[in-house]
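I opened this notebook to record what I looked up, one topic at a time. The entries follow the order in which I went through the model.

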Amino acid sequence: MNNKAVSILKCDTYDIKSLIKNIRSHFDNLGGIDKFVKKGTRVLIKANLIMGKKADAAVTTNPNFIEALSKVIIEAGGIVTIADSPGGPFTPILLKSVYKASGMDKAAANSGAELNFDCTYKKIKAVNPVVSNDFNFISPFFSADLLISACKLKTHSKTAYTGAVKNLFGLIPGLEKPEFHSRYSELDKFCNMLIDICETAKPGLSFMDGIVAHEGNGPTGGSPKKVGLTLASENPYSLDLAASYIIGFEPNEVMTVKNSIERGLTQKSALDLNIIGENLREIRIPDFKKADTNIVSMFAFLPSWLRNRIEKFLTPYPIIDTPKCIGCGKCAESCAAHTIEIINKKAVINYNNCIKCFCCQEMCPIKAINIKRRSIFKF
């Protein structure tokens, strides 16, 4: 078991000088920056750039956080590239728009880092896979000496929580991601696939921007939430175990966390982790809003065949706010089951084929897709 320390520090501002000091302290807590970065070390910072949103939406990793992290690494002699494969087609035009909207273009210019515009990819054999034997990873991954997962603290409509592990799903190029949603439509398999990606990518470090988090129907449909924390660890699974605990989850409520524990990749409880900095119990947030899809089953006592049928019927589903819909087609483009059409300039879902992956809700740029529960959940 990789029982690496998790550094957790308070930080309530995106001021660059404060962030640089904060990030240097994380490196010190984890053994010093020299342990990770030497002169000439090529560092790939995999930010969470899911879509072109401004920083104040708290959907993407804050550009000031990435700028500060890049500056600290470059000052230590590293060569930094910032990359991600956002939702939608993996093209230079899309990347440019996402970099500009998120402020990542300025973060790169101010720090001396490079932005990736290489939209090619290569196949890589999976390491210790459970569900997937190989992947296509974006090309910048293969030229890096050190991969850093620089994630955002957010809830998620499909996986309950998204952090260091799920952030690496962005190594999969463009529209291949919906294919994985379709292939692994069951949550357990999907989350084991995410761990297969993480095990293959082997990030040397993970940093989390939890200064302003994203709560509710994340990763894009929720609301900003001031938390005032940053986290760092060599072990992405331990970081996720700690971060999900902080926002009120138990390990069995987050499938990536549950599966990583079962695979022996982290401790069984966040309270068993080697935490440097803040006290986990003291910083836990009891009122952090979870996604509407995050429902603990009330039918556990029933036989599995009956429970599965009831839960399938009661599973929340996406619904189009038709008057609000602008017919842009982002939902249809991202639909894993190809079950959404644009008819008369409005999105229409064929529920017979919907696998409830919520990619449509995730990629809607104007929050015109909501999550609907069956009436039994309205108490």
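**Entry 1: G327.** I began with G327, which at 23% relative accessibility counts as partly exposed. I note that the model is a predicted one. I placed G327 in the loop between β12 (317-320) and α12. I then asked which residues G327 touches, not counting residues up to four places away in sequence. I found I342, K345 and K346.

**Entry 2: backbone angles.** I looked up residues other than glycine with a positive phi. N344 has a phi near 50 degrees. I located N344 in the loop between β13 (340-343) and β14 (346-349), and its relative accessibility of 73% makes N344 exposed. K367, also not a glycine, has a positive phi of about 55 degrees. The loop between α13 and β15 (369-372) holds K367, which is partly exposed at a relative accessible area of 35%.

I next recorded a cis peptide bond between G218 and P219, with omega at about 15 degrees. P219 belongs to the loop between β9 (205-215) and β10 (223-233).

**Entry 3: aromatic pairs.** How many aromatic pairs does the structure hold? I recorded 11. I looked at Y99 and F117, whose rings are edge-to-face, with 5.4 Å from centre to centre and 90 degrees between the planes. This pair links distant parts of the chain: Y99 is in helix α3 (residues 92-102), F117 is in the loop between β4 (114-115) and β5 (121-125), and the two are 18 residues apart. I checked the accessibility of each partner. Y99 is buried, at 2% relative accessible area, whereas F117 is partly exposed, at 41%.

I then took F169 and F190, an edge-to-face pair with centres 5.7 Å apart and planes at 85 degrees. Here too the pair links distant parts of the chain, 21 residues apart: F169 lies in the loop between α5 (164-167) and α6 (176-183), and F190 lies in helix α7 (residues 187-201). F169 is buried, with a relative accessible area of 5%, and F190 is buried at 0% relative accessibility.

I followed the ring pairs onward from F169 and F190. They belong to a cluster linked by ring pairs that also holds F135, F137, F141, F142, F180 and Y184.

**Entry 4: charges over rings.** I asked where R183 lies relative to F180. R183 is over the face of F180, 4.7 Å from the ring centre. I noted another case at Y245, where the charged end of R284 sits over the ring, at 3.9 Å from its centre.

**Entry 5: helix α6.** Which residues of α6 are buried? I listed E176, K177, P178, F180 and H181. I then looked up what covers these buried residues, and the covering elements include β5, β6 (134-138), α7, α12 (330-334) and α13 (359-363).

**Entry 6: cysteines.** I searched for disulfides and found zero. C11 is buried, with a relative accessible area of 8%. I also checked C335, which is in no disulfide, the nearest cysteine sulfur being that of C357 at 6.2 Å. Because a disulfide needs sulfur atoms within 2.5 Å, I recorded no bond for C335. C335 counts as buried, at 6% relative accessibility.

Entry 7: H26 has its place in helix α1 (residues 16-29) and is buried at 0% relative accessibility. Leaving aside neighbours within four places in sequence, I found H26 in contact with S7, I8, L9, F207, T230, L231 and A232.

T60 is in the loop between β2 (42-47) and α2 (63-75). Is T60 buried or exposed? T60 counts as buried, at 0% relative accessibility. Not counting residues up to four places away in sequence, I listed N48, L49, I50, M51, K53, S102 and K152 as the residues that T60 touches.

Terms used: Residues numbered from 1 in each chain as written. Predicted model: local features only at pLDDT ≥ 70, side-chain atom pairs only at ≥ 80, totals over all residues. Heavy atoms only, no water. Phe/Tyr/Trp six-rings, centres within 6.5 Å; stacked < 30°, edge-to-face > 60°. Helix = DSSP H or I, 4+ residues; strand = E, 2+ residues; numbered from the N terminus. Buried < 20%, exposed > 50% of the residue type's maximum accessible area, 1.4 Å probe, protein only. Lys NZ or Arg CZ within 6 Å of the ring centre and 35° of its normal. Contact = heavy atoms within 4.5 Å.
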